[in-house]
Amino acid sequence: MLVGEPHHVVLRGNNRRRLFSYPRDYLGFLKLLLESKRRFAVDVHAFCLMPNHVHLLVTPDDAAGLSSAMQRAAQRHAQRRNRLYDSTGKLFEQRFYSKPIKSDAHLAVATAYIDLNPVRAGITSTPDKYRWSSFRVQAGLRSAAPGASELWTPSRWYRALADADEERCVNYGKWVDFCQAIERWSEVRKDPPAPSGPAPTRPSRTRAAQ
């Protein structure tokens with residue numbers, strides 16, 4: 001872990017377990033991330049909450065900040081979800097995945113990769129139609145999820161897109177469109193392979209959560 005440098009972080013549901021079922025689940029986790037960001041001095045440059053995993057682009061201010069922030073958010077979300085749905089067992093995998101960002105080029109691609117996750121998963125056709133990512137904030141759209149603007153901190157790459165906020169938003173949208181068109185993610189870790197064996201059978205609530 002590199003202090004003061006951005007990292008691509010992935011939290012996954014244990015054995016593909018669903019992390020979010022309804023809007024209140026997504027909103028609750030965003031709130032927990034915001035609390036962890038403030039408590040442990042971790043900047044969040046991009047995020048995407050998917051039904052059974054979470055992508056984050058974060059910069060920790062100290063060596064313990066990243067682990068502490070992720071552990072607190074995950075534990076509290078698991079406790080809340082188990083209580084709400086009268087369930088038991090481990091919700092998240094034991095350890096989150098973290099990869100340092102090597103360059104501004106890597107940072108640019110990783111940011112687009114995260115915001116395009118619901119498109120790549122077939123949940124939506126364009127990133128602006130998905131509420132639970134940072135795309136709407138970074139593209140300057142007013143329909144971002146509650147708490148998203150407070151959670152998000154522009155990265156050094158994003159700030160360099162233009163001098164004015166409005167122009168940055170436009171340029172970011174163009175960059176994501178470009179990345180969506182070429183579908184090249186060689187600098188970004190691919191989605192983790194599915195575990196062996198059949199997936200747990202649960203009703204799909206993905207559409208209800210959009």
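Analyst: The largest cavity holds about 40 Å³ of space. Keep in mind that this is a predicted model.

User: How many cavities of 30 Å³ or more are there?

Analyst: One cavity in the structure reaches 30 Å³ or more.

User: Which residues line the largest cavity?

Analyst: The lining consists of Leu-33, Ser-36, Lys-37, Val-42, Val-44, Val-58, Ala-69 and Met-70.

User: And which elements give two or more residues to that lining?

Analyst: Three names here: α1 (23-40), β2 (42-50) and α2 (65-84). The largest share comes from α1, with three residues.

User: What does the lining of the largest cavity look like by class?

Analyst: Six residues are nonpolar, one is polar and one is charged.

User: Switching to aromatics. How many aromatic pairs come out?

Analyst: The count is eleven aromatic pairs. One of them is Phe-20 with Phe-29.

User: What is the geometry of Phe-20 and Phe-29?

Analyst: Their ring centres are 5.5 Å apart and the planes sit at 65°. Planes over 60 degrees apart count as edge-to-face, so this pair is edge-to-face.

User: Are Phe-20 and Phe-29 buried or exposed?

Analyst: Both Phe-20 and Phe-29 are buried.

User: What about Trp-152 and Tyr-158, how are those rings set?

Analyst: The centres of Trp-152 and Tyr-158 lie 5.0 Å apart, with the planes at 90°, so this pair is edge-to-face too. Trp-152 and Tyr-158 are both buried.

User: Which aromatic cluster are they in?

Analyst: One formed by Phe-135, Trp-152, Trp-157, Tyr-158, Tyr-172, Trp-175 and Phe-178.

User: Now a charge and a ring. Where does Arg-95 lie?

Analyst: Arg-95 lies over the face of Phe-96. The distance to the ring centre is 4.2 Å.

User: Where is Gln-138 placed?

Analyst: In helix α5, which spans residues 135-138.

User: Why does Gln-138 count as buried?

Analyst: Its relative accessibility is 1%. Buried means under 20%, so Gln-138 counts as buried.

User: And Ala-139, where is that found?

Analyst: Ala-139 is in the loop between α5 and α6 (148-151). Ala-139 has a relative accessible area of 15%, so it is buried.

User: How far apart are Ala-139 and Lys-174, in sequence and in space?

Analyst: They are 35 residues apart in sequence. In space, C-alpha to C-alpha, Ala-139 and Lys-174 are 9.2 Å apart.

Methods:
Residues numbered from 1 in each chain as written. Predicted model: local features only at pLDDT ≥ 70, side-chain atom pairs only at ≥ 80, totals over all residues. Heavy atoms only, no water. 1 Å grid on protein atoms, 1.4 Å probe; cavity = no way out; pocket = protein on both sides within 12 Å on 5 of 7 lines; lining within 4 Å. Points joined across faces, edges and corners; volume = space filled by probe spheres on them. Helix = DSSP H or I, 4+ residues; strand = E, 2+ residues; numbered from the N terminus. Nonpolar A, V, L, I, M, F, W, Y, C, P; charged D, E, K, R; others polar. Phe/Tyr/Trp six-rings, centres within 6.5 Å; stacked < 30°, edge-to-face > 60°. Buried < 20%, exposed > 50% of the residue type's maximum accessible area, 1.4 Å probe, protein only. Lys NZ or Arg CZ within 6 Å of the ring centre and 35° of its normal.
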